[in-house]
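The sequence and the structure come next, and the notes follow.

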Amino acid sequence: MLILFLLWLVQCLRHFITVYLDEDLNQQRTQVMQELAHMTEEQSFGSWGVLLWTAVQQCLFWALAGSLIVLLALYWWLRKRVHEVDNRRDSESEESEDENPADRNMTWVFSRRFQLSVPKLAARRRVVQELLSDLLQVSHSLFSDTFFPVLEPVIGVGSACEGWSPHKEEDIVYCMFVPLKPPRGHAFHLEPDCTGEMPQTSMRVRVELVCTCTGEQPDQNMLCFLHHSEQELKRNQVASLLHTLCTGPYLDGEKIALWFQTFVISAWSMLPQSHRYSMKVLPSCRSCKMKLMKASGRSLFVETVFSVQQGDSDIFLSSQPPEAHLPPSTTWLESYAVAEAKFFRHVAMQAPPHSCHLKCLRLCARILEGSGLSIYALKTTVMHLLTLIPLSEWQHKYLLLRVDDTMRYLRCCLEEKRLKHFFFDNEDMPQEISLPPAFQGAQPLNLFQHLARDPAAQTEALKKFDDLWWTLVSLIPWLPLPHCPCSCTGEIGIAGHSPQLCSLLSGI
């Protein structure tokens, strides 16, 4: 119909040009020119009417021509959109030609039931990274002549930066690591911390003064902390890091957090983001938590965690402990967050388009709310499965199968009271991830060691897991029943099918 209308419009326009412009318009123009040549003071008002009619005809011509151009452009745009939709449908049909229609329907219902639409995290993550990048630039200009730690570019970590946060959009916290480097005349040395028993490796960062008198490029603008008198240093140079952010010879996480929080408050007005957001620093003793608020009322939560890199690896020491129990302020806990974020980036590059691994993580996290199992245990389980199950089997049409694999693997680990840490003695580790040499061949950490030591805790964990799963089965009858059909030694899920789940789906 659109094409017939356009053809009719072209014929009308052609007739208009032939009848009026070729004959009448030319005669009127000749008459007007003759009248203008012999125009006198007694020229009648009618000649101006002829001029006005000529102008109206020209305007009408260009209006019709413009309308035709707009309609042609709209036609080609609609044709292009229809072509794109057809191609997308063809692609989706090719991907799902072997998928049972009931499976597709259940995947859709499953997603709606647990609100699986992952918030668009990338745009807000870029806002956070840009904000902290601007903050660090200000810090470099303010602290260039001091001996505070050098703040390196931020690294996004955690579920929000990995793209699968289980929280609602308004509750998401964007966590950023800020690596610390020693300032001029200082060096960091990592020492094992034996002051207390922590569930993960803990260290202390000893700060040492180093000579700046010698070297390839000795600094002429500073006094050497080792070879100048204390009186001369006090009189002509600012205090060293040992006298500002350390407790004894060790870097103090609480002092660093307070220093950075004070800096953020004083530097906020210098940032371009201060025109779009109001900012509030939230209470935190080991990190810097910020709440950014727009005029519309929407909020954005940011947590800056300070870290020290172990050599050139992707393993860092973190100032912020993951649990409620706070170690001494000079204790820094080993963190694998940067390596985990790097692993998920590697998977995203290797996996097929529309991979379901992030949606699987988000769904399982929502299912396990209230079970007592940690999000980290779930995340470790999915990382193991991503190396055991071919990435081609993580297409969106396999979402329910992968959820079933994840829940069964996790329950097997609960029964056996053993869940291997992902980064220790793992032969399937991608080469892009750099680990300390001690991690290779090391005895894998058991994330369920507390269950092995406390049988009552294991029984309680299994009961909570099964009770939660049975509750979900009563609400959604097509969920698989909780049982552990096989060992969690690495063979679960490789076949890519859960017989019980498939039988339930095929009957719907």
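W259 is buried, because its relative accessibility of 11% falls under the 20% cut-off. The model is predicted. It holds 16 aromatic pairs, and two of the stacked ones are described below.

**The pair F148 and W259**
- The ring centres of F148 and W259 are 5.0 Å apart and their planes meet at 25°, so this pair is stacked.
- F148 sits in the loop between α4 (121-142) and β1 (150-151), while W259 belongs to helix α7 (residues 253-267), so the pair ties together parts that are 111 residues apart in sequence.

**The pair Y336 and F423**
- Y336 and F423 are also stacked, with 6.2 Å from centre to centre and 15° between the planes.
- Y336 is in the loop between β12 (332-335) and α8 (337-350), and F423 is in the loop between α11 (399-416) and α12 (449-453), so parts that are 87 residues apart in sequence are tied together by this pair.
- Y336 has a relative accessible area of 6% and is buried.
- F423 is buried as well, at 1% relative accessibility.

**The cluster around this pair**
- Y336 and F423 belong to one aromatic cluster, together with F343, F344, F422, F424 and F439.

**Arginines over ring faces**
- The face of Y250 has R204 lying over it, at 4.0 Å from the ring centre.
- The face of W394 has R402 lying over it, at 5.8 Å from the ring centre.

Notes:
Residues numbered from 1 in each chain as written. Predicted model: local features only at pLDDT ≥ 70, side-chain atom pairs only at ≥ 80, totals over all residues. Heavy atoms only, no water. Phe/Tyr/Trp six-rings, centres within 6.5 Å; stacked < 30°, edge-to-face > 60°. Helix = DSSP H or I, 4+ residues; strand = E, 2+ residues; numbered from the N terminus. Buried < 20%, exposed > 50% of the residue type's maximum accessible area, 1.4 Å probe, protein only. Lys NZ or Arg CZ within 6 Å of the ring centre and 35° of its normal.
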